[in-house]
Amino acid sequence: MVHADATNFSPHLTKPEAYQQLLDEAEGLCYEQRNWVCNLSNTSSLLWHLYHSLPGPSSNVNWAGFYVYDHTSLPSKPRLILGPFQGKVACQIINFGRGVCGTAAATQTTQLVPDVEQFPGHIACDSSSKSEIVVPIVVQGKGVVGIIDIDCTVENGFDEVDKEYLEKLADFLAKSSDWP
Ligand code: SME
């Protein structure tokens, strides 16, 4: 198998099966490779192709990627900085506590947002995004090293299955990469 074949998700898979394939592919791609830029780049590609292999609402995902801890931020004013992603260009810096991403980072909890208009302080990088899920990546002893952010152009784009598997992915990435 060549590398690009890892992004082939059969359109006949259920969402849990597709996520399981993603976890297996991520494990293969991160084998003997611990660089976080490399691993998050390939993972954002896997996520993008996974959602577009599924029926709606998942097929309406318009942004899939990562923000990482910004080490130029003051410890008293931590920030996230844009990391590897698929989709349109996005905001570069997000303060902890701001928007969906900053809330997930500050609280270390997944934010499952069925309607972004109802989320206080939502940061609209793209006005076509209507729902969103953000999962923190937490490394023991370091805290939040980054977040997974997935946006969708329809409301209620994500459910408990997305939450369950994206949290598994976050745990895997926390352990499988070396974080600055
Ligand atoms: N909407 C996010 C900002 C990041 S973009 O969606 C890529 C937020 O409110 O945190």
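Reader: Is Glu32 buried or exposed?

Author: Glu32 counts as exposed, because its relative accessibility is 70%. The cut-offs are under 20% relative accessible area for buried, over 50% for exposed, and partly exposed in between, with a 1.4 Å probe and protein chains only. Before we go on: this is a predicted model, where local features need pLDDT of at least 70, side-chain atom pairs count only at pLDDT 80 or more, and totals for chains, interfaces and linings use all residues. Residues are numbered from 1 along each chain as its sequence is written, and side-chain values use heavy atoms, with hydrogens and water left out.

Reader: Which other residue has a positive phi although it is not a glycine?

Author: Gln108 does, at about 55 degrees. With 42% relative accessibility, Gln108 counts as partly exposed.

Reader: And why is H3 called largely enclosed?

Author: Because seven of the nine residues of H3 are buried. Those are Gly99, Val100, Cys101, Gly102, Thr103, Ala104 and Ala105. They pack against S1, S2, S3, S4, S5 and S6.

Reader: Switching topic. How many disulfides are there?

Author: The structure holds one disulfide, where the term means a pair of cysteine sulfur atoms within 2.5 Å. The partners are Cys91 and Cys125, with 2.1 Å from S to S. Their link is left-handed, with -115 degrees about the S-S bond.

Reader: What does the pair tie together?

Author: Cys91 is in the loop between strand S2 (79-87) and strand S3 (93-95), and Cys125 is in the loop between strand S4 (111-113) and S5, so the pair ties together parts that are 34 residues apart in sequence. Cys125 counts as partly exposed, at 36% relative accessibility.

Reader: OK, what about the largest nonpolar core, how many residues?

Author: It has 36 residues, and those with the most contacts inside it are Leu47, Ile137, Ile148, Ile150, Leu166 and Leu169. A nonpolar core here is a set of buried Ala, Val, Leu, Ile, Met, Phe, Trp, Tyr and Cys residues joined through side-chain atoms within 4.5 Å.

Reader: Which helices and strands supply at least two residues of this core?

Author: Helix H1 (15-29), helix H2 (36-53), strand S1 (61-69), strand S5 (131-139), strand S6 (143-152) and helix H4 (160-176) each do. The largest share, seven residues, comes from H4.

Reader: What is Ile148 in contact with?

Author: Leaving aside neighbours within four places in sequence, the contacts of Ile148 include Leu47, Phe66, Ile137, Leu166 and Leu169. Contact means heavy atoms within 4.5 Å. Apart from this core lies another one of 15 residues, among them Ala90, Ala105, Phe119 and Ile147.

Reader: How far apart are Val68 and Ile148?

Author: They are 80 residues apart in sequence and 8.9 Å apart in space, C-alpha to C-alpha. Val68 lies in strand S1 and is buried, with a relative accessible area of 6%.

Reader: Last one: which peptide bond is cis?

Author: The one from Gly56 to Pro57, with omega near 5 degrees. Pro57 is in the loop between H2 and S1.

Conventions
Helices (H or I, at least four residues) and strands (E, at least two) are DSSP runs, numbered from the N terminus.
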